[in-house]
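Welcome! Please look through the sequence and the model shown here, and keep both at hand for the exercises.

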Amino acid sequence: MKILTVIGNRPQFVKAAAVSRLLREEHEERIVHTGQHYDDELSRVFFDELGVPAPDRELNAGGGSNTEQTARILGLLEGVIEDAAPDLVLVYGDTNSTLAGALAAAQAHVPVAHVEAGMRSFDRAMPEELNRVLTDHASDLLLCSTETAMANLEREGAAGEAHLVGDVMADVSLAFGPIAEERSTALADHGLEPGEYLLATAHRAGNVDDPERLAKLVALFEALPGTTVLPLHPRTAASLDSTGLRDRLDQAVTLLPPLGYLDFMKLAMHARAVLTDSGGVQKEAYLVGVPCVTLRDTTEWVETVEAGWNTLVDLDADAAVSALERPMPAGERPELYGGGRAAERVRDVIGAYTPRP
Ligand code: UDP
């Protein structure tokens with residue numbers, strides 16, 4: 001089968017790292033990089049470290065508002081799909097590249113497979129939520145990470161064929177965790193002792209675009225005890241600079257540039273806790289057995305909350321401090337995300353797929 005994979009930002013490079021190698025054992029895959037993230041820190045390092053095959057096409061379509069960006073990628077993908085004439089278009093997650101890829105393929109009558117289908121925060125103010133819902137309803141193959149996602153699709157009456165495959169980011173985390181442990185010198189590089197620091201990330205539009213919310217986020221970091229390390233996403237850096245809040249944050253935490261996957265994993269594995277508004281990082285914290293405090297009031301990864309490893313605090317500083325004092329849940333962590341075999345299942349489901357006439 002000829003598969004055209006559309007990727008464009010950091011978490012999608014991680015997801016493709018799990019799937020592309022396996023897909024290529026049985027299929028002919030071409031990768032289009034939309035350019036949503038294009039800098040070395042958010043893009044190239046993931047191709048290099050995780051062995052994602054080099055893109056066959058680069059659209060350089062980053063920048064602009066969500067609507068402009070989606071429209072630009074959509075327009076460019078029309079020609080790419082026409083040239084490549086794929087049997088299937090594969091998209092991941094919930095970004096503008098995901099929606100544009102799914103819609104361009106559906107318009108061209110090419111079947112669409114969506115990895116990480118069915119995730120819902122039920123917050124339509126999140127651009128990611130719109131992208132998820134619309135992508136799922138344009139997709140033919142809905143490849144779900146969790147039972148919750150399967151139930152969401154069933155409730156919405158999504159027309160595509162849904163399969164529970166597990167989570168491909170979990171595959172990467174399980175495969176690369178030991179490599180990060182061995183190779184990364186991030187702890188020593190930043191003078192950190194295992195278990196004695198907090199690792200944070202923040203870049204959701206809802207937390208960093210509005211100056212009032214950003215000021216609350218900074219106040220939350222100021223309230224945290226001990227050392228907090230924060231690799232700064234460029235979106236957050238730009239908002240901090242335009243609001244003049246960077247100095248305050250710089251006093252409160254250790255700011256780092258965005259890290260490569262192995263260094264980030266190493267810091268996550270040895271952190272006392274993780275604070276984040278990222279979906280992927282909530283899952284990864286669970287997988288490495290580190291408590292997570294989520295800087296949002298909703299999550300798609302509800303199982304991590306139910307298992308007692310993740311607490312939603314939005315931007316409430318007191319709630320964040322108390323969540324950090326909670327004892328870790330006793331006993332084994334349930335296996336929630338497919339045990340590292342999700343990409344194999346994605347390959348098998350795609351291989352067995354016969355488009356409906
Ligand atoms: N990540 C990374 N370096 C960092 C921050 C995150 O490698 O400095 C990785 C993280 O391990 C996860 C992915 O990037 O695999 C998550 O991406 P992001 O938070 O941008 O996306 P989201 O999950 O919020 O969509």
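The exercises below go through helices, strands, loops and cysteines, each with a worked solution.

This is a predicted model, in which local features need pLDDT of at least 70 and side-chain atom pairs count only at pLDDT 80 or more, while totals for chains, interfaces and linings use all residues. Residues are numbered from 1 along each chain as its sequence is written, and side-chain values use heavy atoms, with hydrogens and water left out.

**Exercise 1. Describe how helices α1 and α7 pack.**

Step 1. Locate the elements: helices (H or I, at least four residues) and strands (E, at least two) are DSSP runs, numbered from the N terminus. Helix α1 covers residues 10-26, and helix α7 covers residues 168-183.

Step 2. Two packed helices are described by the angle between their axes and the distance between the axes. Axes are lines fitted to C-alpha atoms, for helices over the stretch in contact, and angles run from 0 to 180 degrees between N-to-C directions.

Step 3. Read the values: the axes of α1 and α7 are 8 Å apart, at an angle of about 75 degrees. The two helices are therefore roughly perpendicular to each other. (Angles under 35 degrees count as roughly parallel, over 145 as roughly antiparallel, 65 to 115 as roughly perpendicular and the rest as oblique.)

Step 4. List the contacts, meaning heavy atoms within 4.5 Å. From α1 come P11, V14, K15, A17, A18 and V19, which meet V168, M169, D171 and V172 of α7. By class, this contact has eight nonpolar, no polar and two charged residues. (Ala, Val, Leu, Ile, Met, Phe, Trp, Tyr, Cys and Pro count as nonpolar, Asp, Glu, Lys and Arg as charged, and the others, Gly among them, as polar.)

**Exercise 2. Which strands stand at the edges of the open sheet of six strands?**

Step 1. Write down the order, β10-β9-β8-β11-β12-β13, with parallel pairing. (Two strands pair if DSSP finds at least two bridges between them.)

Step 2. Look at the ends: β10 (254-256) and β13 (310-312) each have a single partner strand, so one side of each has no neighbour in the sheet. From one strand to the next, the twist averages 20 degrees.

Step 3. Zoom in on one pair: β8 (residues 197-201) and β9 (residues 227-231) are joined in the parallel sense over three bridges. In one of these, L198 has T228 in β9 as its bridge partner.

**Exercise 3. Are N9, L232 and N60 buried or exposed?**

Step 1. N9, in the loop between β1 and α1, has a relative accessible area of 9% and is buried. Leaving aside neighbours within four places in sequence, N9 is in contact with Q36, H37 and T95.

Step 2. L232, in the loop between β9 and α11, counts as buried at 8% relative accessibility. Not counting residues up to four places away in sequence, L232 touches several residues, among them A237, L240 and R246.

Step 3. N60, in the loop between β3 and α3, counts as exposed at 61% relative accessibility. Its phi is near 50 degrees, a positive value in a residue other than glycine.

**Exercise 4. How many disulfides are there?**

Step 1. Recall the bond: a disulfide is a covalent bond between the sulfur atoms of two cysteines.

Step 2. Apply the rule, a pair of cysteine sulfur atoms within 2.5 Å; the count comes to zero.

Step 3. Check two cysteines: C144 is buried at 0% relative accessible area, and C292 is buried at 2%. C144 belongs to strand β6 (residues 141-144), where L141 and L143 on one side and L142 and C144 on the other are all buried.

How values were computed:
Buried means under 20% relative accessible area, exposed over 50%, partly exposed in between (1.4 Å probe, protein chains only).
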